[in-house]
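Welcome! Have the sequence and the 3D view open side by side, and let us walk through them together.

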Amino acid sequence: MVKIPTRILLVDDEVDFVEMLSMRLQEAGEKVTPAYNGEECLKLLEKQKDHIDVVILDIRMPGMDGIEVLREIKNRFPLIEVIMLTGHGTTESAVEGMKLGAFDYLLKPADFDELAQKLEGARERKDEQEARIRKAESRLLVRRTGGA
Amino acid sequence: MEEMIRILLVDDEDSFRGTVSKRLSRRSIDVLTAADGREALELLDRDPVEVVVTDVKMPGMDGIELLRQIKENYPDIEVILLTGHVAASDGVEGIKGGAFDYLTKPVELEHLVSKIRQAGEKIRWRRDQRKEAEFRKRMEQQMMITERLAALGTMATGVAHEINNPLAIIRESAGWMRLILGKEEMAAVPRRSDLELALNKIEIGVERAKRITHQLLGFVQKDDALSAEVDLPMLIEESLGMVKREAVHKGIEIVRDIQPLEKPVYSDPYQIRQVLLNLITNAVHATGGGGRITVVLKSVQGGVLIQIRDTGEGIPPEHMRKIFEPFFTTKCPGKGTGLGLFVTRGIIDRLGGTIEAESRPGEGSVFTVTLPRRHEIRKNDIASELNTC
């Protein structure tokens, strides 16, 4: 069975990290778009919102931090799932992220297999959400056309 | 009622000793007697007193010499000299030698009683002063340690964060290389096993560094931790269960002294489990074959006391001050991170508790943790309660 790639937006100010993780994820069959700060992430999502499934988001970044970016994502693109990645000392912000609707969080340096599992989980949740919406929309459509 | 005071009356005149001791005994004064200086010193060796009342003129060792020896060997004892009328100069010499005071014979009993009481007061005052100074010193040391640990903690966790990012890069790069090496086109790459060995070492190194940084991050985890009713006996059992295999393997006996708690404890069970596991694991590591680990749980006012006692190798006094510092370890490199007790202490501080360690090299160590029944109860309240236990 051909694997359908998860479309990932990888956001981290650590250029080397983004480069290496992107290569690994792509090698594992995923499709990765890199971004190096929060503003760039939101701009990219604005343009490609229908082509991104999951955002891997670093919490501590210069400029807009991960939590602010997450809040924006969940406001503007609620279907896109977010996995928080933190090298930060406390899990406090990660937990805050979960409350804001992030799918999960990982502490750096994260285990690749664990990340892969979480990506799969996030992707499944997004697919389910979309399927549910489609179903609801078609029901609505049937009702409308039925009533016409 | 007047406080009982214990004295030694030294005089070579039997009748004087007899009469005075009998009359002093009626005034809440516990009197031992000796007929000369030598006997007095022998008695003091066996039976401590607070005040010595001694005649100056005695055959053999005189009162002044006795005073000198008492001051040399028992500096806390106060000495009152009894001199004859014509020998006031002896009294003066005695004062110079450290006597509390001197009285001229014939002694008026009330006067003697009052002098003995004053000497007793002085001793008690000195004892209180010393206790207070010791307490103050201990508090200052405690504060210094706390401040030092806080500073170290801030720095160490800052460093941990900075290290996690490069660690993540190293891990991803190593993972990438492993992936490439696994490709068909790389099957014939020369010295493949050397490359794989090096990759293994990189991955093990990253894992080791990660263990350190993540443990450090545990130290500063948020303090709005969970607060739920904690089943301490169950947590203790769980933690013991996790080290059971090693304990059985080493032939260590586990003794439980778990008393039913008077009131429930509300705290963070996950963090308490980590504390228990750290302390019990340390005890197992420190205890040799045939040793014993005792876990005590009991109620104290305002909270609970958990004690982990082992009959292990103990901690040398020069290490005691450092055991709660980050990265202090006596284990081999790679075996212990030196963060267990540091993190444990951090957790207990956040939960509003206290932790104290006592140890005798060769005999074992005792770690005593107190936790408040609820977070709001100040740890000082429990600490002061403990002192009275």
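**A walk through two chains**

Just after helix 1 of chain A, Gly29(A) takes up a positive phi of about 95 degrees. Please keep in mind from here on that this is a predicted model.

Helix 1 of chain A covers residues 15-27, and at 1.5 Å a residue its 13 residues should span 18 Å; the end C-alpha atoms are 18 Å apart, so the two values agree. Which residues of this helix are buried? They are Phe17(A), Val18(A), Met20(A), Leu21(A), Ser22(A), Arg24(A) and Leu25(A).

Now take in chain A as a whole. Its secondary structure comes to 5 helices and 5 strands, and from the N terminus on the elements follow the pattern β-α-β-α-β-α-β-α-β-α. Chain A has 148 residues, of which 38% are buried. If you take the contacts in chain A between residues at least 6 apart in sequence, 61% of them join residues at least 24 apart.

Further along chain A there is a cis peptide bond, with omega about -10 degrees, between Lys108(A) and Pro109(A). To find Pro109(A), look in the loop between strand 5 (104-107) and helix 5 (112-147) of chain A.

Chain B has a cis peptide bond to show you as well: it joins Lys105(B) and Pro106(B), and omega is about -5 degrees. Pro106(B) sits in the loop between strand 5 (101-104) and helix 5 of chain B.

With that, we have moved over to chain B, which has 11 helices and 12 strands. Of its 389 residues, 33% count as buried. Among the contacts in chain B between residues at least 6 apart in sequence, 69% join residues at least 24 apart.

Is Arg191(B) buried or exposed? Arg191(B) counts as exposed, because it has 9 C-beta neighbours inside 10 Å.

Next, let your eye move to a sheet in chain B. Here 5 strands form an open sheet in the order 7-9-10-12-11, with mixed pairing. Strand 7 (253-258) and strand 11 (354-360) of chain B stand at the edges; each has a single partner strand, so one side of each is left without a neighbour in the sheet. From one strand to the next, the twist averages 10 degrees.

Inside this sheet, strand 10 (residues 303-310) and strand 12 (residues 364-372) of chain B run antiparallel and are joined by 8 bridges. One pair to look for is Asp310(B) with its bridge partner Ser365(B) in strand 12 of chain B. Strand 12 of chain B also pairs with strand 11 of chain B, in the antiparallel sense over 7 bridges, and there Thr354(B) has Thr370(B) as its bridge partner. Strands 11 and 12 of chain B make a hairpin with 3 residues between the strands, and in it Gly362(B) takes a positive phi near 85 degrees. Helix 7 (residues 232-250) of chain B lies across strand 7, strand 9 (292-300) and strand 10 of chain B, and runs at about 175 degrees to strand 9 of chain B.

How do the two chains meet? The contact takes 19 residues from chain A and 21 residues from chain B. On the chain B side, helix 5 (109-181) and helix 6 (192-219) each supply at least two residues, and the largest share, 14 residues, comes from helix 5 of chain B. By class, that side has 9 nonpolar, 8 polar and 4 charged residues.

Finally, a word on confidence. The model scores ipTM 0.77 and pTM 0.55. Chain B has a mean pLDDT of 85, with 90% of its residues at 70 or more. Over residues 377-389 of chain B, however, pLDDT stays under 50. Where pLDDT is low, the predicted coordinates should not be read in detail.

How values were computed
Residues numbered from 1 in each chain as written. Chains lettered and ligands numbered in written order. Predicted model: local features only at pLDDT ≥ 70, side-chain atom pairs only at ≥ 80, totals over all residues. Pairing = 2+ DSSP bridges. Helix = DSSP H or I, 4+ residues; strand = E, 2+ residues; numbered from the N terminus. Axes fitted to C-alpha atoms, helices over the stretch in contact; angles between N-to-C directions. Contact = placed C-beta atoms within 7 Å. Expected span 1.5 Å × (residues − 1). Buried ≥ 20, exposed ≤ 12 C-beta atoms within 10 Å, placed from the backbone. Nonpolar A, V, L, I, M, F, W, Y, C, P; charged D, E, K, R; others polar. pLDDT = per-residue confidence, 0-100.
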